[in-house]
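This briefing goes through one interface and a few selected sites, topic by topic. Please keep the sequence and the structure in view while reading.

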Amino acid sequence: MPHQVPRLLAVFAVAVIGLVVARGLLVPETFGDRGHYRAAAVDSISAREQRYAGHHECALCHSDVAETRLDGNHRNVSCEVCHEPAARHVAAPMDVKPVVAQNRGLCVLCHAYNPSRPTGFPQIDSVMHNPRVPCMRCHQPHAPETPVPPTSCSACHGQIASQLTVSHHAALPCSTCHEAPDEHRMNPRAVRPTKPTARAFCGTCHAGGLAGIPQIDLRNHGEPYVCWQCHYPHYPEAR
Amino acid sequence: MQGYIYPNEFELQWGLLVVLYPYLTGLVAGAFILASLERVFNVKEVEPTYRLSMLTALAFLLVAPLPLLAHLGHPERSYEIFLTPNRQSAMAMFGFVYAWYLAVVLLLEIWFDYRKDLVLWARQERGFMRWLHYALTLGATDLSERSLKFDDSAGRWITVIGIPSAFLLHGYVGFIFGSIKANPWWSSVLMPVVFLFSAMVSGIALVLVLYMITTMFRWRKIDMRCLDKLAQFLFYALIVDFSLEMLDFIHRLYEAEESIEILSQMIENRLFLSLIVLQILLGTVIPLITLALVSPGLRKQGFLRLPPELRQLVYLVAAVLIQIGIFSIRWNVVIGGQLFSKSLKGLTVYKVDVFGLEGLMMTIGLLMLPFVILWALVKVLPPWGETESVREQEA
Amino acid sequence: MADSADQSGHPPSPSGSVDRREFLNDILGVCCAGAPLLLGIVRLPAQGTSRAYDPSEHLYGMGLDPQKCIGCARCVVACKAENDVPQEPHYFNTWIERYIIREDGEVEVDSPNGGIDGFGRIENPAQVRRTFFVPKLCNHCDSPPCVQVCPVGATFITEDGVILVDEEYCIGCRYCIQACPYGARYMHPERHVAGKCTFCYHRVVKGKVPACVEVCPTGARIFGELTNRATPLARFRRFNDLQVLKPHLNTRPKMYYANLDAEVS
């Protein structure tokens, strides 16, 4: 064997042995136990401090408030949404107190009017709606009700209203097409307004020969589709 | 920032240092493949550049990991790549490709090539250099006919393994980008191939420049046969590189996938200078035209028969433009891939720091460092001089 | 002593001591009341787990309903508080996007500070065809590209389907951040390791829900198990047309969106 080879092999052997030794010394103990990762990491992540206690914890002591909340409109709004993370309060109830939010700034985060919110979600115009009065004065936060039912549909259906007012149907009140029982103002999800069901309904204005209103031949125009398939009733412009 | 980017994408993850890294490994692969032209394919004309190419490759390979280390969040943990590599990760496997290439290909080949000279120098010198050269022989001082033959054939075999290894070294970097399905600018089958050929282009261009500069510094005459041959190979590599890039471009435009809108906006608004002007025009088209006209690539004496000095100037300018072009490619790939959002709805900006670990100064320093190392290597392992004539006698 | 008969109808005992029968009755009563407790049929509502948590018994996922999301961003705030996410504007484990689709088909998307800063006025509201909010977070994919590319094994998927980052082991190469198609990861500015949504793993293994789910006021986020029949996700998965983000990338996300518009990417 040419004498370069043993010398080269010796160098490589040193490198390989070095790598093996380093592997033995430096690879963390729990690496590979449950997969290609350090299993101890799962334990240390699991042991992290919790900041939110969860509403079940609150209910253990504040059962009366919890009961009230579960019956009201905020049944899905967890305590810590308004009262901030309270795990430390649960751990030391007398020493650490949670926040009690009293300003208007908190409620409008959800309830200020925003057209991207799902239609029908209770929203107010934060500038116009009883300005500078704390929300809690009229609405009990744990079981909020509207003390006075909203007078106009646009209070909750602002997006629809804003489109309607710039459309050809601007002069029509909502009751033209929708019958809304009074109960709907207080219990919107349980009691729904009606909607027209037949082409003939739109025909009362648009095929009835009324002056100044665009007329169509109800028999043929857009048959067999219902009118609102093509014309969005709240903004019925053809273009 | 315009349009919509995911909130976490505001900050670019991979900056100037990660642009530098494929540029450096590309030069390594390119320089090595040039050297292998002589060894394995017996292209005798480029023989004067053989050892210079090898030392250049080594100098750049030693510096290549440094931008990566500087860029890591925890460089002190970087050894983990070798101890617990995730076999599914291209980056992890690249650590071993790098180690293989450095140890088994480059260092071994240089050792086999220089061993005889190291022994001769150690015998003739005194003092520190004698010690150093002797240590580098690893004690293998036998200069018998059998030993020298073994050196030669071992070197040849290593080069044969080395060529695919060099392809792997830089193609792998292309794969690291090309395998990211989340990024439509990067995710492409062509990425490793484009990286590889642009590497070859930049490597050959670098050796061309270094050969000219070192020869002039040593007050020697430039071997025009060698230089013309280098230019010829540079030209061929450039044609392939350009074709691949055009293929990628045409393919993207033709398929017009979902990402085409935002990518077109990005090229227009963010990458116009670096892509259209620097990469394509200055970095590829102009060198292609000049080399087509002047080098023996298409026609034996070139279309324009220029006197040697003028040819040298043209080659030098072309090679420098090519370096700028190839660096721009790396910039356009790495930075370009992060300038648009994965939402495909927006663009962001990259602000280059001047100072700091990821800054311009650091990059310039890391670009100069290989030349410093090369200078030191040339002092310890002179790639020219009497050894050239020794090899010619053997040939 | 002229005691009246006690309620059981027995005559009072001749001496002043406690009636033996009464006493035995009392003991029996206590035992009857306590037996279910002792036999473990009834458990006291203790919060600490009395059995060790076994990850192989669980596989977690989440359902998201953009039609319920009101964009209040309480989830974003809660997540930052629960998980020590930096407060600066471009580090989020979860965020809210607002989509505005105009009548001419143009789509505008925004997410000002993830939604925490509220969403600005919409210009030309009459020209809006649809507008809605979409909550985004790490999808905890079953075929995660981020785990695939991590060179050292610092990010991984647990047996119960949660993708975590080992902050002691991460070298900060940022490859996982590049590989995530959803922009769910970021580089922590101080710890120099990758950060992302952990599904509040530290809460989930103790039987609680993630912080974002806890505070969502409309039930737009539903957390549950993917392999049990009785789980809050059951109805969601049965009655909704489910979509995932970027299905063509085959990452197999476990965040299931109901009623997701095609423009959401």
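This is a predicted model: local features need pLDDT of at least 70, side-chain atom pairs count only at pLDDT 80 or more; totals for chains, interfaces and linings use all residues.

Which residues does C:T231 touch, not counting residues up to four places away in sequence? They are C:G224 and C:E225.

- C:T231 is found in the loop that runs between strand 9 (221-225) and helix 7 (233-239) of chain C.
- With a relative accessible area of 12%, C:T231 counts as buried, because the cut-off for that class is under 20%.
- A polar atom of the C:T231 side chain lies 3.0 Å from the backbone nitrogen of C:E225, and C:E225 is also one of the residues that C:T231 touches.

**The interface of chain A and chain C**

- The size of an interface is often given as the accessible area lost when the parts come together.
- Chain A and chain C bury about 3,600 Å² between them, and 55% of this area is on carbon and sulfur atoms.
- A:Q50, A:Y52 and A:S116 supply 17% of the area that chain A buries against chain C, which is more than any other three residues supply.
- The contact takes in 39 residues from chain A and 47 residues from chain C.
- Two salt bridges are found across this interface, and in a salt bridge between the side chains of A:R51 and C:D84 the N to O distance is 3.0 Å.
- Between chain A and chain C, 16 residue pairs are in polar contact, with both residues at pLDDT 80 or more.
- The elements giving two or more residues to the side of chain A that touches chain C include helix 3 (55-61) and helix 8 (158-164) of chain A, while the largest share, four residues, comes from helix 2 of chain A.

**Two places on chain B**

- B:N269 belongs to helix 10 (residues 260-269) of chain B and is partly exposed, at 42% relative accessibility.
- Although B:N269 and B:Q2 are 267 residues apart in sequence, they are 10 Å apart in space, C-alpha to C-alpha; B:N269 touches both B:Q2 and B:L347, not counting residues up to four places away in sequence.
- A nonpolar surface patch of about 640 Å² is made by B:V352, B:V354, B:F355, B:L360, B:M361, B:I364 and B:M368.

Methods
Residues are numbered from 1 along each chain as its sequence is written. Chains are lettered from A and ligands numbered from 1 in the order in which they are written. Side-chain values use heavy atoms; hydrogens and water are left out. Patches are made of residues with over 30% relative accessible area and no salt bridge: like charges are joined within 9 Å, nonpolar side chains (Val, Leu, Ile, Met, Phe, Trp, Tyr) within 5 Å. Accessible areas come from the Shrake-Rupley method with a 1.4 Å probe; for residues, only the protein chains shown count as cover. A salt bridge is a side-chain nitrogen of Lys or Arg within 4 Å of a carboxyl oxygen of Asp or Glu. Contact means heavy atoms within 4.5 Å. Buried area is the accessible area (1.4 Å probe) that two parts lose on being put together, summed over both. A polar contact is a pair of N or O atoms within 3.5 Å; within protein, one must be able to donate a hydrogen and the other to accept it, and residues adjacent in sequence count only if both atoms are side-chain atoms. Buried means under 20% relative accessible area, exposed over 50%, partly exposed in between (1.4 Å probe, protein chains only).
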